[in-house]
Amino acid sequence: MRVLACSTLVAAAHLHSSRGSTEHGHIRAEPHGDAAKVLWGSSTPSLEESCSKSGVHEADGSTLHCRPFECEAGKPKYGLQQVRRREIHDWSDEDFKIFGEAMNLVKKRSHPHKKHNGALFPWEKTTTEAPVVTGPPGYDDFALMHHHSQGGHNNANFLPFHRWFLLYIEQQMQQATGNCSIILPYWNWAMDANRIDKTEVWTPERFGTLKEGCVDDGFAAGWHWTSMEGREACLKRRPTHGLNGVLPTWTQVTSELLKYDSFGGLHSLVEDTWHNPLHCLIGGQMCSMDSPVDPSFFLHHAQIDRMWYFWQRKLPHLEKDCSGCTHWEISGTDFDTEGPQQAQEWATSFNEELGCFPVPASTPQWCISYEEEHRLPEILKEEKL
């Protein structure tokens with residue numbers, strides 16, 4: 001069953017509607033500046049037969065998922081879903097409660113998997129054994145999709161592939177809750193470089209205590225998953241001894257980022273020098289291709305995407321640079337891409353009116369931006385002492 005494409009993530013279920021509201025709970029996904037400033041386009045597809053007032057399309061996984069619309073002559077014109085991510089230290093406990101509940105709703109999704117020769121998802125060539133899969137992906141499917149991704153690592157496609165991957169898990173949380181405003185946080189670990197294990201990220205109220213063994217507190221307490229070989233295991237972490245002081249400070253990160261005047265050098269710097277080490281500092285499944293098993297994967301990758309965003313904003317003449325980019329593909333899972341996906345689609349021009357990057361380039365559906373964390377001035381002051 002092929003249900004996702006790079007530009008049209010289509011899931012099979014319609015859940016609760018969020019039409020008519022742009023904010024739920026306490027997590028905001030709002031436009032930059034005037035809330036009425038959305039990208040309208042006469043060629044935008046319309047699935048609504050008619051409308052009488054402005055609103056927001058329901059969180060249904062369609063190409064119109066959570067997109068705002070205005071009524072024009074009784075017909076809706078659609079804008080882009082605003083994805084404005086905030087640093088996790090700027091989240092309230094209530095924000096995080098809503099987020100954790102959404103993650104657990106996606107985690108509880110299940111559908112049949114058949115095993116063949118002791119492995120999951122080998123039926124690309126044995127279609128007679130393939131089960132009929134209905135409904136959107138569950139949380140564990142993201143680890144399987146990540147494991148089966150081709151062309152999304154160790155090359156220029158790394159940043160575009162994970163930009164798309166973040167949007168896809170956000171879409172699933174929104175669809176599971178009917179709440180269009182649920183957006184991933186990012187964790188600027190460079191601001192915690194000397195206190196990685198003592199940051200608020202690793203508390204029983206958030207991602208759980210950072211310690212060796214099965215995760216037994218935080219919103220992912222007691223999580224288990226099934227490996228590619230069909231073995232069930234708990235969500236584990238194995239933090240590296242002496243992990244503090246290994247990663248650079250934010251001042252060092254930004255200075256290094258701006259030394260690169262081409263995407264070719266940038267993607268290698270980000271993936272090899274900063275992305276890979278953090279994965280294995282946390283350890284456990286995070287230090288493997290099954291890393292999305294740990295929800296801190298998405299927290300980390302939102303920061304990685306934010307680094308690319310920072311570089312694009314500081315060097316706007318390079319914002320569309322995707323030198324060396326080709327394509328990625330996911331195959332051999334229940335939720336494959338519809339063939340190769342072009343990485344260049346995710347390196348776009350900043351929209352000054354909206355204050356965000358519309359993506360993908362050919363058929364925009366989202367508009368991505370990052371808020372600067374409130375603790376930044378204080379941390380930068382400490383770094384200079």
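Mentor: Helices (H or I, at least four residues) and strands (E, at least two) are DSSP runs, numbered from the N terminus. It's a predicted model, where local features need pLDDT of at least 70, side-chain atom pairs count only at pLDDT 80 or more, and totals for chains, interfaces and linings use all residues. Residues are numbered from 1 along each chain as its sequence is written, and side-chain values use heavy atoms, leaving out hydrogens and water.

Trainee: OK, which residues of H1 are buried?

Mentor: Asp95, Phe96, Ile98, Phe99, Gly100, Ala102, Met103, Val106 and Lys107.

Trainee: And what do they pack against?

Mentor: Helix H2 (139–147), helix H3 (158–177), strand S9 (224–226) and helix H6 (296–314), with contact meaning heavy atoms within 4.5 Å.

Trainee: Switching to rings: how many aromatic pairs are there?

Mentor: The count is 32, pairing Phe, Tyr and Trp (its six-membered ring) when centres lie within 6.5 Å; planes under 30 degrees apart are stacked, over 60 edge-to-face, the rest tilted. One of them is Phe99 with Phe219, edge-to-face at 5.9 Å centre to centre and 80° between the planes. Phe99 is in helix H1 and Phe219 in the loop between strand S8 (213–214) and S9, so the pair ties together parts 120 residues apart in sequence.

Trainee: Is Phe99 buried or exposed?

Mentor: Buried, because its relative accessibility is 1%.

Note on methods. Buried < 20%, exposed > 50% of the residue type's maximum accessible area, 1.4 Å probe, protein only.
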